[in-house]
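This briefing sets out selected features of the structure shown below.

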Amino acid sequence: MVVPITENNEIVKLEKAQKIYQMGMQQVHALAGVTVSFKKGSFWAIMGPSGSGKSTMMNILGCLDRLTSGRYFLEGKDVSSLDDDSLSELRLKHLGFVFQSFNLIPQLSVQRNIELPLYYLGWDAIRSAKRAEKLAEEVGLGGRLHHRPTELSGGEMQRVAIARALANDPQVIFADEPTGNLDSVTGEQILDLLVKLNKQGKTIIMVTHEPDIATYAHNQLHMIDGVIDRIERNRNEAD
Amino acid sequence: MRQTKIFRNIWLGIENVLLHKLRSFLTMLGVVFGVGSVVAMLSVGEGASKEALEQIRKLGSNNIIVSAIKSAEEEATTTQHSHMSIYGLTYEDQLRIAESFSNIKKTAPAKLMRKGSRLRERAMELRVVGTTPEWFELVPREVIAGRVLLPADQDKQAPVAVLTEFGARKILAIESTIGQTIRIGGDEFEIVGIIKSESGQAGNIQIPDQQIDVYIPMEVARKYFGDITFIRTSGSRTLEKVELHQIIVQVDDTKNVESTAGAIEEMLKRFHKKKDYVVSVPLALLKQAEATKRTFNIVLGSIAGISLLVGGIGIMNIMLASVTERTREIGIRRAIGAKRRQIVIQFLIETVVLSTTGGIIGLGVGTLIPFLITYFSGMMTVLTLAGVLLPLLISMTIGIVFGLYPAMHAAKVDPIVALRHE
C-alpha cells in the first residue's frame, strides 16, 4: 500500500510519470519520467518552450489524460488507473479549469455558463442560480449574468471562466495560459484574481511561457523535452 | 432531482433546436411528411371502416338484399318496339326463400310502381312501393309522425299510405297531413304516417328506401295496380311485368349472412331462366372497406416509411454536423466533468426534441390531409386517439434510433483535442 501523501500536505504528486505518444513510426516522450509534488495551497507556474511537455503535464494533472506509466496521486489518492467515468467525477468534484481561449459555451448566458458544473453535480436551479450570482459578484461580474459571452470583453469572459472554475469549490485550479488572449492590463487583473484565490487557500497550477506572468506564482517549474529542467522559488511565501 | 434534470435537458434541447430555426425546420421535414402520411393513413383507414359500418347500418347488418334487374338481352329487345317484358322476382320467389332456409328470420317484399298522385292541389308522380309490415323491421327508420304499416292493414287490405321524407317533400305533406286522403293512381288512400328515409349509395348496393316516396300494403298494391306497368319512352311504348322488385331477407346471425346469400343465389338460379336478379350482401361492404383500407395503407404506408427513413437519416446527418460544429462545447462539458453518458443523453434528447417537434408538425399536416381527401373524394376520414399517439410515438422512436449514432459520436470526442478545436 502506498503511504498517504497528504501527511506532508502534498495535493498533487507525480512519480516517474511517463506519457508516450505514438507519432507514426516514432515514439514521442511528452513526459519522460517526471517526479514532482505540489503542496496544498501553493501557486505553481509550469514553464517551458512549446513541445517541452508542459501541456501534457497539465492534461495529466487535470485528469484529462492518463499516464503511460508511473503514478499520479491527487489528494493522496492514486488516480493513475482510474477509468474515464471516475476521472470525469474527479474533475467535476475536485478540479477547476481556466483556459487561454476562455472556452465558454456561446449559446449559454453568463449565468448558465457558471452553473454548468453545478448542473452536472445535480444542483437544483434555484440553488445554482444563487451560487452563480455569488460567484459572479466575487469575480467582479455582478449585473452581467444575463449577457451572452459574445457580448463581453476578453477580461470579462475570463472572469466568467474563473467563476465557472470555482463553482464546484475545487481544491485545485488549473490555468492554461490564462492571460494569453488578454492585453497586459486585463491580464494583470486576472492574475490578481488568481492570487486572491490562492490566498483563499486554492492550489493553483498555471501553465505559461511568459516569465512576467510566472512571477505571480510562488514556484516555477521549468520543463524541457519532457523532463524537469529546474525549479525556482519566487518569493518567501509558504510553498 | 433526476426528473428536473431531464426537464432541463429537454429545455436545453429545445433551445438548441430554436437556435437554428430554419435548419431545424428543414431537418424535420422528412419526419413531418412521414408522420403526416401515417396520420392520414390511419384516419382514412378508420374512416373507411366507419363509413362501411354506417352503410351497413342503413342497409341492415344481417340483411341480404335480393333485387330485380332487367337482364341485358331484355334491355336490347324492348327498345325496338312495343313488347311486354317479363322479368324480376316473383311472389313465389319470396315464399320459397322464406320457407327453404331455417336461418332466415324474416323477409320483406317490395313492389315498385310510379303513380300519378294528388294531395289537395298538389299533383306529382310518386314512386309507390307495395310492401308488408316486416319491411319496417328490416329497414328500420325513425317515424316522424303517425305510424308505419301494420299487419291489420294487410289483413283488411286497408287503403293506407305511409310517406317517406322524400315523398312528403314532393307532395308537400306535413305532420298535420296525417289522416288526410291522398289519391294514388286514381284510388284514395289515407295517409297514416311519415317516416325518415336514407339516401345515397352504399358501395355498390342501393339503399333500399332511397327510391321510395310512399308505402302501401302489398295486397292493396296487387289488387289496385296489378303487375303490369306501361312505360312510355319517346316514340315507343313498352309493357313490363314485374311481380317484385326487391326482397329483403333477414338472417338470424351475422355469420350466416354470406352462406345464406350464396344458397339464395343458387336457388334463384334454378327457377330463373335469365339472370334478372342480383343478390347483394351489405356485410360485403366491410370487406370492400377493408380492401380500400389496405390499398391506402400500402400507398401511404410506403410514403410514410420512405419519408420517415429519409427524415431519420436527415436528422442523423444534421446531428453529426452539429456534433462536429459543437466539438468545443462537448470538450468544455467533458473537461468540467460531464461523463460520456451525459453527453450521449444531451444529444439524444436534442434529436428526440427535433424529431418529436417534426412529429407534432406532421400531426398538423396529417390532420389536414384527411380533410382534403374528404373534400375531394368524399371519402370519410376519422381521427382517433391512437391515430394521434402512434405517429408521435413513431417520431420519438425515430429520434432515438437516428440520434443514437451521432450522440455516441459526440461522446467519443476527446476533451483535450476538442478544447483545441477551433
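Which domains does the domain assignment give for chain B? The assignment gives domain 1 (2–56 + 288–420) and domain 2 (62–282). The model is predicted, and the points below should be read on that basis.

**Domains of chain B**

- Domain 1 of chain B is made up of two stretches, 2–56 and 288–420, while domain 2 covers 62–282.
- The centres of domain 1 and domain 2 of chain B, taken over C-alpha atoms, are separated by 56 Å.

**Nonpolar core**

- The largest nonpolar core holds 175 residues, and A:I46, A:A163 and B:A161 touch the most other members.
- Helix α2 (residues 21–59) of chain B gives the most to this core, contributing 15 residues.
- Both domain 1 (2–56 + 288–420) and domain 2 (62–282) of chain B supply this core with at least three residues each.
- When neighbours within four places in sequence are left aside, the contacts of B:A161 include B:I182, B:I184, B:F189 and B:E190.
- Also in contact with B:A161 are B:I191, B:V192, B:V214, B:Y215 and B:I216.

**Sheet in chain A**

- Chain A has an open sheet of four strands, in the order β2-β1-β4-β5, with antiparallel pairing.
- Strands β2 (26–39) and β5 (77–78) of chain A stand at the edges and have a single partner strand each, so one side of each lacks a neighbour in the sheet.
- Strand β1 (residues 10–23) of chain A pairs with β2(A) in the antiparallel sense over 11 bridges.
- A:K19 has A:L31 as its bridge partner in β2(A).

**Helix α3 of chain A**

- Helix α3 (residues 110–121) of chain A is mostly covered, with 11 of its 12 residues buried.
- The buried residues of α3(A) include charged side chains, among them A:R112 and A:E115.

**Contact between the chains**

- Chain A provides 20 residues to the contact and chain B provides 17 residues.
- On the side of chain B that touches chain A, at least two residues come from each of α1 (2–19), α11 (327–336), α12 (340–377) and α14 (415–420).
- This side of chain B has nine nonpolar, three polar and five charged residues.

Technical notes
Residues numbered from 1 in each chain as written. Chains lettered and ligands numbered in written order. Predicted model: local features only at pLDDT ≥ 70, side-chain atom pairs only at ≥ 80, totals over all residues. Core = buried A, V, L, I, M, F, W, Y, C linked by C-beta atoms within 7 Å. Buried ≥ 20, exposed ≤ 12 C-beta atoms within 10 Å, placed from the backbone. Domains from an automatic or database assignment. Contact = placed C-beta atoms within 7 Å. Pairing = 2+ DSSP bridges.
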